[in-house]
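Let's read some strands and helices together, one question at a time. Have the model open beside you as we go.

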Amino acid sequence: MWKVGGVSPRARIAVRDVWRSLDEHFPFAHRAEWDNVGILLGDPGAPVRSVLVALDATPAVLALCRRARIDLLLTHHPVIHNPLKSIRPDDTASAAAFALAGMGVAVISAHTNADVAPRGVSWAVAHRIGLFGIRPLLPGEPSDACKVAVFVPPGFADVALEAIAGAGGGRVGAYSRCSFRTAGSGSFLPADGARPFKGRAGREERVDEVRLETVVARSLLPKVLAAVRAAHPYEEPSIDVYPLAGGALGGGVGAVGDRKTPASLDDVLGEIFRRVRPSWIRVAGTTTKKVRRIAVVAGSGSEFARAARSAGADLFVTGDMKYHQALEAAAGEMPVADVGHGSAEKWILPEFRRVLAGRFGKGLAIRVFMEEEPLRAFRPGERRGGNTS
Ligand SMILES: [Fe+2]
């Protein structure tokens, strides 16, 4: 049976299909240069019927993979980060990969690409808090983009754009196939032995051309340039590539938005506790003014406090506050709330599920594992653990 926006429960879904679906919303090429994202383990062509979505491949997640016969684990933090020299159960860096490979579970990790996507990790927290007018705190960062300009005969501009888009280029935030075209004229003098698309050897030509320009993530350049060269009709295509300094790829780091009504810090923290459900909130700084604007950087975002202040935030919500950063916040006018690294980031997990359920419907069984912070405030008699939904 077919479902709108989904696929037949009997249709074969491969690991690479899940990757493609995620890539539409969280482009894997739009990531920090040091990061490791995408299909990190397993056969891209392997069939997938069940997916587990989690922040990390913790022992509890591995146990659930085994118990629930999971085919694909989708994590936020990369299961394999640094290059491995060995994959062993007694090596912390590779023990999870060893276990998952042994179970035949494929792994996709969506990390900084999910951070900077328009509806990314910090957006999910800001949305959960109930802010409106949510926008990136630092638009377009991190930016590792290039401008690619291709000179083509007028009839080939669409062909060139198709090639660029097919290789993953031309994407700005939630927009794909982005380009700008300028008509002009080009000239060339083919040497003996040349095979010009137009004209002949030994005679200078002036031809109508279109300069088609777009942005491409640096990591995709080789793929994009190869695709453009393959699609270009000229023997020697003219292609300019130059680095860009600003946020050319859209999206951005963090999120900032406003409450509908201002409220006291205590009331706002109480509401955040109810909505974000962290294990604890640690707060530095006090405020006598009401909190209306809130900036969020999920995960380790404490170094973005200055950006939050510049955005006019009355409160900065993040994770992993250190002592000296807390001292700074305590002395300033903008309080900082540390809700825990994972407690904030875990709200991207239901977003991952939403994207996959929207694409594959009942064709995929998707479970989300919302694990508690590994670091906890000790309270006598309290038990801990994660839960799935
Ligand atoms: Fe993180």
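Q: Which unit do β15, helix α10 and β16 make?
A: Happy to start there, and please keep in mind that this is a predicted model. Strand β15, helix α10 (residues 323–331) and β16 form a right-handed β-α-β unit.

Q: How do I read the pairing of β15 with β16?
A: The general idea is that strands of a sheet pair through backbone hydrogen bonds, in either a parallel or an antiparallel way. Here β15 and strand β16 (residues 336–338) run parallel and are joined by 3 bridges. To find the spot on screen, look for Thr318, which stands opposite Asp338 in β16.

Q: Which way do the residues of β15 point?
A: In a regular strand, side chains alternate between the two faces of the sheet. In β15, Leu315, Val317 and Gly319 point one way, while Phe316 and Thr318 point the other way.

Q: Why is β15 described as largely enclosed?
A: A residue counts as buried when 20 or more other C-beta atoms lie within 10 Å of its own. For β15, 5 of the 5 residues are buried, so the strand is largely enclosed by the rest of the structure.

Q: What does β15 pair with in the parallel sense over 4 bridges?
A: That partner is β14, and β15 spans residues 315–319.

Q: Is β14 mostly covered or mostly uncovered?
A: Strand β14 (residues 291–300) is mostly covered, with 7 of its 10 residues buried. β14 also pairs with strand β12 (residues 255–263), in the antiparallel sense over 5 bridges. Within that pairing, Val296 of β14 is the bridge partner of Ala255.

Q: What is the order of strands in the open sheet of 4 strands?
A: The order is β8-β9-β7-β10, and the pairing is antiparallel. β8 (180–188) and β10 (238–243) are at the edges with a single partner strand each, so one side of each has no neighbour in the sheet. From one strand to the next, the twist averages 25°.

Q: How many bridges join β8 to β9?
A: There are 9 bridges between β8 and strand β9 (residues 205–217), which run antiparallel. One of the bridge pairs sets Gly184 with Glu209 in β9.

Q: Where does helix α6 lie?
A: Helix α6 (residues 157–166) lies across β7 (145–152), β8 and β9, and runs at about 25° to β9.

Notes: Residues are numbered from 1 along each chain as its sequence is written. This is a predicted model: local features need pLDDT of at least 70, side-chain atom pairs count only at pLDDT 80 or more; totals for chains, interfaces and linings use all residues. A residue is buried if 20 or more other C-beta atoms lie within 10 Å of its own, exposed if 12 or fewer, and partly exposed in between; C-beta atoms are placed from the backbone. Helices (H or I, at least four residues) and strands (E, at least two) are DSSP runs, numbered from the N terminus. Two strands pair if DSSP finds at least two bridges between them. A crossover is right-handed if, with the strands pointing away from the viewer, the path from the first strand over the helix to the second runs clockwise. Axes are lines fitted to C-alpha atoms, for helices over the stretch in contact, and angles run from 0 to 180 degrees between N-to-C directions. Two residues are in contact if their C-beta atoms, placed from the backbone, lie within 7 Å.
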